[in-house]
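Good morning, everyone. Please have a look at the model first.

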Amino acid sequence: MKVLFVASEVAGFAKTGGLGDVAAALPRALAGRGHDVRVVMPMYPRVRTEGRTFETVVREASVDLGGTRVHYSVHAATLPDSKVPVYCVRCPGLFDRPSIYTQDADEHLRFAVLQWAALQLCQRLRFAPDVVHANDWQTALLPVLLRTMFAWDRLFDATRTVLTIHNIGHQGGFDARVLPQTGLGEASHHFHQEQLREGRINFLLTGLLYAHAITTVSPTYAREIQRPEHGVGLDAFLRERSSVLFGILNGIDELAWSPETDALLPHRFSESDLSGKERCKEELLGAAGLPYRPEVPVLGIVSRLAWQKGFDLCFTVLPRLLASRAVQLVVLGTGEPKYEALFTQLGRRFPKQVVYKPAFSEPLAHLIEAGSDMFLMPSRYEPCGLNQMYSLKYGTPPIVHHTGGLADTVAPYDRRTGRGNGFVFEHFDETGLRFALSQALSAWGSGKGEDRERWQALMRNGMRARFGWDERVAAYEQVYRMVAPGR
Ligand code: ADP
Ligand code: GLC
């Protein structure tokens with residue numbers, strides 16, 4: 001099939017979180033099955049150019065969005081380890097900003113231009129996609145663009161749309177006055193009318209109404225977002241479209257994330273030889289400037305420090321834990337000031353136990369996954385979550401809240417039967433988190449002898465699981481075939 005995959009971030013080019021990982025690995029996996037996949041994303045300044053050649057595909061083009069003429073060019077590189085072209089839409093006025101996502105007044109325009117450019121590119125290349133695969137609010141206008149402003153072009157006659165929700169917490173809600181600048185001024189009747197009367201538009205909702213199929217990134221999240229507690233105002237619309245809504249668990253990119261081959265690790269290891277993991281722990285603590293003691297468990301965190309990630313539970317639980325137990329904590333992440341302050345203060349108060357790096361660092365993210373003994377992810381909600389899968393593969397049992405993709409991947413460890421791969425709390429509160437942490441520490445025990453053997457069996461339960469995209473890609477093919485039969 002011919003697939004146009006449009007996303008606001010793609011790992012290896014520009015990434016802030018899991019969307020980037022998926023937008024690199026899924027197209028690569030689809031191409032591996034013989035599909036003709038093309039990826040479109042913005043050209044941000046951070047899109048690395050070193051060692052990569054970009055071919056100019058469109059020297060100059062423009063689009064008039066509600067009286068604002070925007071000029072852009074398009075430059076193609078290939079996705080690493082594949083032949084998949086990644087078309088980067090270059091428009092310095094819109095995309096050369098310090099961060100990928102902004103609070104700027106023209107945020108709607110930035111991603112409207114991406115979507116127009118993606119479809120105009122198909123026209124230039126005479127590329128007739130069977131499926132346009134949109135991701136999150138930044139690309140959610142594609143279904144309605146195809147049904148309206150691009151409907152005249154026979155090129156798109158057979159094109160169908162799939163919209164993947166990676167996070168319903170971000171919807172692209174804007175003042176209705178910006179509607180003309182989406183280029184859909186003449187198609188305003190396609191927006192939700194009641195909202196429009198109230199002076200609002202919502203990119204994600206518009207996509208949910210018009211996409212031929214909707215997917216989200218885990219089966220549990222697919223159910224959760226159809227309920228008011230997790231639907232963030234869109235649950236009723238999703239219930240109405242439930243016959244075309246599918247939860248497909250994300251895979252992980254096994255080229256980048258396998259302890260046997262990981263190029264970013266100082267030592268490699270596997271289920272049958274765990275010694276490299278212990279050396280990674282030593283390296284991690286050395287790099288962090290913390291004392292290395294094999295029998296003291298290291299808790300790792302790698303995360304965007306956002307409300308979603310549940311660190312509000314940590315403000316009293318972690319200081320108490322650190323004051324009363326021999327544990328160490330290594331934290332990597334940036335985000336909201338109050339969480340950065342929490343970890344900064346923990347680092348000051350417990351200098352021999354805690355290190356916090358307020359940074360975005362892929363090598364350190366890998367070292368933390370490999371060198372920690374447990375991984376903490378108390379998310380309030382988690383559409384899928386990749387870090388818990390990385391940590392399972394790296395023999396670092398995760399401690400998680402039972403929600404979304406965490407519920408689909410982490411099974412509570414049962415000491416009696418030896419089954420399970422991590423530690424899970426049901427209710428999102430401090431008691432829950434304290435419970436899961438104490439379960440983890442009691443399973444860790446002395447960290448020696450029989451306790452150690454039991455712990456290693458638990459590690460292996462996680463390492464054995466198969467999380468590769470090969471297991472998932474067939475589910476996407478099924479959705480594509482459903483919307484575009486006969487292809
Ligand atoms: P989300 O997409 O909600 O942030 P996921 O667990 O799906 O959560 O994906 C997060 C991805 O971003 C993982 O690949 C993780 O390693 C990466 N990541 C998050 N914060 C950092 C950081 N500070 N440094 C390096 N990688 C990070
Ligand atoms: C979002 C979600 C995360 C998911 C990722 C990739 O950022 O927060 O749970 O894993 O998208 O789908």
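Let's start with a question: which residue forms a salt bridge with Lys15? The partner is Asp21, and the closest N and O atoms are 3.0 Å apart. Keep in mind that this is a predicted model. Now, are Asp21 and Lys15 buried or exposed? Both residues are buried.

Why would such side chains pair at all? In general, side chains of opposite charge can pair when their charged atoms come close.

Let's take another pair. Glu477 and Arg33 meet through their side chains in a salt bridge, at 2.5 Å from N to O. This pair links distant parts of the chain. Glu477 sits in helix α18, residues 473-483. Arg33 sits in the loop between α1 and β2. The two are 444 residues apart. What about their surroundings? Glu477 has a relative accessible area of 6%, so it is buried. Arg33 has 45% relative accessibility, so it counts as partly exposed.

Next pair. The side chains of Glu382 and Lys309 form a salt bridge, 2.9 Å from N to O. Again, distant parts of the chain are linked, this time 73 residues apart. Glu382 lies in the loop between β15 and α14. Lys309 lies in the loop between β12 and α11. Glu382 has a relative accessible area of 4%, so it is buried. Lys309 is at 10%, so it counts as buried.

Some charged residues go beyond a pair. Arg97, Asp104 and Asp106 are linked in a network of salt bridges. How many salt bridges does a search of the whole structure find? The search finds 24.

Now the domains. Domain 1 covers 2-251 plus 470-483, and domain 2 covers 275-466. Their centres, taken over C-alpha atoms, are 33 Å apart. Where they touch, 19 residues of domain 1 contact 18 residues of domain 2. Together they bury about 1400 Å², with 53% of it on carbon and sulfur atoms.

What holds charges across this boundary? Between the domains, the count is 1 salt bridge. Its side chains belong to Glu471 and Arg466, at 3.2 Å from N to O. There are also 9 residue pairs in polar contact between the domains.

Look at the domain 1 side. Helices α1 and α7 each supply at least two residues there. The largest share, 4 residues, comes from α7. By type, the residues of that side are 4 nonpolar, 10 polar and 5 charged.

That's my tour. Thank you.

Note on methods: Residues are numbered from 1 along each chain as its sequence is written. Chains are lettered from A and ligands numbered from 1 in the order in which they are written. This is a predicted model: local features need pLDDT of at least 70, side-chain atom pairs count only at pLDDT 80 or more; totals for chains, interfaces and linings use all residues. Side-chain values use heavy atoms; hydrogens and water are left out. Domain bounds come from an automatic or database domain assignment. Contact means heavy atoms within 4.5 Å. Buried area is the accessible area (1.4 Å probe) that two parts lose on being put together, summed over both. A salt bridge is a side-chain nitrogen of Lys or Arg within 4 Å of a carboxyl oxygen of Asp or Glu. A polar contact is a pair of N or O atoms within 3.5 Å; within protein, one must be able to donate a hydrogen and the other to accept it, and residues adjacent in sequence count only if both atoms are side-chain atoms. Ala, Val, Leu, Ile, Met, Phe, Trp, Tyr, Cys and Pro count as nonpolar, Asp, Glu, Lys and Arg as charged, and the others, Gly among them, as polar. Buried means under 20% relative accessible area, exposed over 50%, partly exposed in between (1.4 Å probe, protein chains only).
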